[in-house]
Amino acid sequence: MTYTVAICLVVLVAIFLRRQGTLWMTFGAFGLFLLVWIFLVWDGNAEQWSGVVHLGIAALAWVAGSYISTLVKTGDKSERVLAGWLLLIVFVQVVISVAQIVGIPLFPLGASVAADTGLIGRVNGSFGHPTTLGKILLLLSVLLLPLTKSTDRKARRFAWWAICLSAIPFIFSGGRANFFGAIMMIVIWAMTSEGVQHIGRRVMIPLAAIGVVAASAGVWLGRFETGEIGGYRAHFSAVATHQIEIRPWWIGTGPSTYVTAVGPFDALTATGWPVHNSVLLAIVELGFIGATLLFLPILILIARAWRARRSPSANGRYARAVLASFPGISIVALTGWGMMSDTLPLWLFVLGFCAEQIRRSLSNVDTLAAPATSATVKSQPANPH
């Protein structure tokens, strides 16, 4: 409820100031879809209404992120403030994680979550599940990477400190997809960043990332030995695919009802396990129309980021950060359901923030690429030669 109230307040301010940012109309269509379907198509039970509220707040988070982005100016003190807040968030999670490692019972897992033997010895920070901690850090890294290129020295330092410190909870939370998704994002960012022509600089960050992987190899070998490796995931995917085939493609079971609706068809799902794929989960619950409206802004953002990746504007670095993060976040989304749960609002908040920065970047590119007007041509002196 805390972030729900915060998101709503930010959106109200954005509407009052008429600074909703980019792509908010697309999520307006998604919100309209939710209202029409909950009243006319789905049953309208408590589970579905809970899901509608969750997805609606996530859609508003995109608007809130795009508005907050308008307050951050390139090279301005606002970048230092943003980097400082992100560093503080990471530092708090590191402190809590270290306390959990040494046995101090801060933010203990709930009884049902703690019963999972695969979670023994893993830290969860201040969140309800270890993998949630990893996803939060992964998404914050999307904002941190562009700040490492800030013209403000303190902003750069804060961003690098946050990225380096986040390695501790990343490793000890034990989320394989989260960790390797972050490594992949950092390596792609280092290899594609502008102004990194020297071969030594290009390979330094990837080598450091490989060093972190090697240093934590014992943790990941243990996770692969104790965690399930594909057997259950394939089963859950087959169950979800079957549900898509037997139900009308445009209806869905309703948000937050996957286990309730699919459980009667599969005993393992009935124990509380949804499909380990956020995209399949969205299609089963929302149908193809709802899932398309939910993910369409993300696809549009990827296309805009690709267009702006070579932007001479400093804000173009957010385009490269979005592109660098896409493979890693895709792995996380396609191997688990967490990106559709309590992580979804932050995911859309971060992407909304980046979308507004990229919109400015594209505006700068269009201005630079615009042909000279007749007035401009007339004002230039003639060539004496």
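This is a predicted model: local features need pLDDT of at least 70, side-chain atom pairs count only at pLDDT 80 or more; totals for chains, interfaces and linings use all residues.
Which helices each supply at least two residues of the lining of the largest cavity?

The helices in question are helix 12, residues 231–246, and helix 15, residues 278–308. Helix 15 gives the most, with four residues. The structure holds one cavity of 30 Å³ or more, and about 60 Å³ of space lies in the largest cavity. Its lining includes Q243, I244, R247, W249, I283 and F288. By class, the lining has six nonpolar, four polar and one charged residues.

Now to the salt bridges, of which the count comes to three.

In one of them, R317 pairs with E79, and the closest N and O atoms are 2.2 Å apart. R317 belongs to helix 16 and E79 to helix 4, so this pair links distant parts of the chain, 238 residues apart. Both R317 and E79 are buried.

Because D152 lies in the loop between helix 6 and helix 7, while R80 lies in helix 4, the pair ties together parts that are 72 residues apart in sequence. R80 is partly exposed, with a relative accessible area of 30%, whereas D152 is buried, at 10%.

The remaining pair is E356 with R359, at 2.7 Å between the closest N and O atoms. Both residues lie in helix 17, three residues apart, about one turn of the helix. Here E356 is buried, with a relative accessible area of 3%, and R359 is partly exposed, at 36%.

How values were computed
Residues are numbered from 1 along each chain as its sequence is written. Side-chain values use heavy atoms; hydrogens and water are left out. On a 1 Å grid over the protein atoms alone, a cavity is a set of points where a 1.4 Å probe fits but cannot get out, and a pocket is an open set with protein on both sides within 12 Å along at least five of seven lines; lining residues have an atom within 4 Å of a point. Grid points are joined across faces, edges and corners, and a volume is the space filled by probe spheres set on the points. Ala, Val, Leu, Ile, Met, Phe, Trp, Tyr, Cys and Pro count as nonpolar, Asp, Glu, Lys and Arg as charged, and the others, Gly among them, as polar. A salt bridge is a side-chain nitrogen of Lys or Arg within 4 Å of a carboxyl oxygen of Asp or Glu. Buried means under 20% relative accessible area, exposed over 50%, partly exposed in between (1.4 Å probe, protein chains only).
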